Each structure stands twice: as C-alpha cells, then as structure tokens.
Amino acid sequence: MRFETIAIHGSEKPDPTTGALITPIYQTSTFAFEDVGKTRGYDYSRTSNPTRKVLEETIARLEGGKAGFAFATGMAAEATAIYLLKAGDHVISGDDIYGGTYRLFQDVMTNFGLEFTFLRLNNRREIEDAIRPNTRMIWIETPSNPLLNITDVEMVVDIARKHNLLTMADNTFPTPCFLRPIEYGVDLVVHSTTKYLNGHCDVVGGAIVTATDDLTQKVQFLLNALGTCASPFDCWLVLRGIKTLPLRVKQHAMSAAAVASFLEKHPRVSRVFYPGLKSHPGHEIAARQMDGFGGMVSFEINGEVNSFLRGVELFILAESLGGANSLVEHPATMSHASMPKEFREKVGIFDNLVRLSVGLENIEDIIEDLEQALAK
Ligand SMILES: *Cc1c(COP(=O)(O)O)cnc(C)c1O
C-alpha cells in the first residue's frame, strides 16, 4: 500500500462484532477477562484500547516505524519520550524548537538532573563539539518552529550513530506525508497530532513512533507507567483526520508557497521564512529530504506588527496550526513567550516576526486578507 492508501485503510478493518466500517469509540476503562489469567487482548484502557490501537498502528505505518503510541497531547508524548533518559544524561537539541519543548527541557527536566545544549543543528563540527561523555540523545525539529530552519537529518543520524546516541525527531510540521525521519535512520519520531494529523483544530493529541523493538518495549512500558495516553474519542477524531491528511497537506503546501512568494515581493515585509523559497538557506536540503515544503510561513514585518495582527480578518489570531482555518500568531508574545527574550533573539526570533498557518480557504481570499492587513 502507498501513503494515501495507508492513510485511509491504515490498520482499520470492519469491526469484528458488528461489521461497522469505521472503528468504534471503545469508551471503556476496563475489559472482561475470558478466563483466569486470559484476556481478549485488552485488560485496561491505560495500557491499551482498541480505538487507540488502530490509530497507533496507522501512524506507525505512515512513518515506516515498528510501533506507534498515542498520547493525550504532543507534550505528553514528549514528556514520555524524555523519560527514556535518566539523571545525569545530556541532550543536544535544536535551538529554535517549539516553545513548549524548550520549557519542558529547560524549566522542568533540568530539575531532574538532565542537561541540555541548544544548538542550530546545521554544522557537523559544532554538533560534534557539543557531544560530552554523558550525551545520550539528539533532538531534531525540522522544519523548526517558528523559523522553519532545516536540519539535514541524514547528517545528524550519521553523527549520532558514530557516538552511539539516540535520535528523536519532532515531525509535527512536515508530517510523514513530506518527511519520514525513520527512513533516514532516526530512532524515534514524536508528533503533536493536534496539528496536521488531526487537522481540524478540534482535538489535542500526541504520538510517538519507534524504529526498533527495544524502543517499542520501553515506550509501551513508559506510556503505561506514566499514564500519558490519549482518550478513545480523541483517537477516533485523529484517525478520522488522517484519512484526508495527504490531500490536505498538499493543498496547505501549495497555498503556503503562493503566500511566501506574495510576501517576498511585499514592501512591508523584510524577510520571509519558507523552505520552498530559493532564498531559504535550507532550501536544497529540504528539496532533497522532503516531498513537500509544508504549510507554515513566517515573516518579519517592517515596522508595526500589532496593526497587522489586528488587521487580519480571515486569519484568526490564535495559537496552534495545521487546521483548515488560516491562523496567525506572534511568537514573541504567544508560542515562544516561555523563551526568555535574550535567548529568543539569540536564535533569531524577533518581536517583528509573525507566523502563519496557511489554511485550506480559497488562496485568493487568503492573499487578499494579507494584502489588506499589510496595508493598515
Ligand atoms: C504544538 C506542538 C507541540 C506540542 O503539542 P501539544 O499537542 O500542543 O501538546 C510540540 N511540537 C511542535 C512542533 C508543535 O507544533
């Protein structure tokens, strides 16, 4: 089966008891044992649930991994993954990562003895120089959030393998439709399914996909031990969203490319960040490792940002991304407010930066809205 077919059929089969085409929402906490010491495959929904299972297998197949796990949120997935490490371990992470990931690492996990180095992951020597005797993991986010920097996944995996380090890729932005990190040798993929995978702004969820049996066992153990799993209803919604993922993200990417070239020519815009643009420093790597450039566009406004943020009518000022609705957000006061200003500016996230999640509305309506708001 090819990607679009897996997205629809995944591991979903008509329900064995009723023939229901679509996997039912198994809204149950517990399951009757068949006999003493014998289950029908499920005993308690924290450990495993049939609706969740179908979603997990579908995401695993889309990513080309061994197994998938569905979590309550993207952050629940990340928090679970970080428990693969222990006090004293060191992680090298991309620097302009999702603000919540930075907060989890810097403001929570450092209290438990983990150490972090935040680094632009685009230079082999700099990455190798950052490796310490206690380094255990490299955390990749490409394209990054909000600057859409591109990391050469193959290069990072090569370094990691030489030094026996785990690699973890946050694949929320590209989705497996455009990038499958496991094909390049990444050990674990993490998702906020809240975004493109669900795609309708009506659920929060997360996922992990593992590349080896050993990691599968460890993540299954942690999910059950920590209780970070997703609810059956949320899994059902994400499963429903995934059926149209390939169609949706292709349209998101087409419209984002049109928005990026419109912005690049606009006199009130000083810089546009979109990996599909030839001017983007990561363009060549992105073109080689990805099947599309995604639906996110960031740009810097010459002068007043607030008049633009207040001026948009179709775009809605809101956190999050990846849904049918076009959204605009201001990283400095919203998604990346948890990063201290000096760190933010060091990585290149300035107060005049705006991030767009280009939605599925008519492209002319999208551009007209940007045009009228930029004129204000
Ligand atoms: C949103 C997001 C997360 C966190 O996911 P939640 O579902 O909001 O917990 C992590 N990484 C990236 C890249 C995100 O965009």
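Predicted model: local features only at pLDDT ≥ 70, side-chain atom pairs only at ≥ 80, totals over all residues.

**Cavities, helix packing and an open sheet**

The largest cavity is lined by G94, D95, D96, I97, L119, R120, L121, E141, S144, N149, I150 and T151. By class, the lining comprises four nonpolar, four polar and four charged residues. The volume of the largest cavity is about 70 Å³, and the structure contains three cavities of 30 Å³ or more.

Attention now turns to the helices. Two packed helices are described by the angle between their axes and the distance between the axes. For helix 2 (residues 50–63) and helix 9 (residues 232–242), the axes come within 8 Å and cross at roughly 35°. The crossing of helix 2 and helix 9 is left-handed. Helix 2 contributes T51, R52, V54, L55, T58, I59 and L62 to the contact, while helix 9 contributes P232, C235, W236, V238, L239 and I242. Ten of the residues in this contact are nonpolar, two are polar and one is charged.

An open sheet of mixed pairing is formed by five strands in the order 8-9-12-11-10. Strand 8 (269–273) and strand 10 (316–317) are the edge strands, each pairing on one side only. Within the sheet, strand 11 (residues 327–329) and strand 12 (residues 353–357) run antiparallel and are joined by three bridges. E329 has R355 of strand 12 as its bridge partner.

Notes:
Residues numbered from 1 in each chain as written. Heavy atoms only, no water. 1 Å grid on protein atoms, 1.4 Å probe; cavity = no way out; pocket = protein on both sides within 12 Å on 5 of 7 lines; lining within 4 Å. Points joined across faces, edges and corners; volume = space filled by probe spheres on them. Nonpolar A, V, L, I, M, F, W, Y, C, P; charged D, E, K, R; others polar. Axes fitted to C-alpha atoms, helices over the stretch in contact; angles between N-to-C directions. Helix = DSSP H or I, 4+ residues; strand = E, 2+ residues; numbered from the N terminus. Left-handed = near helix turned anticlockwise from the far one by under 90°. Contact = heavy atoms within 4.5 Å. Pairing = 2+ DSSP bridges.
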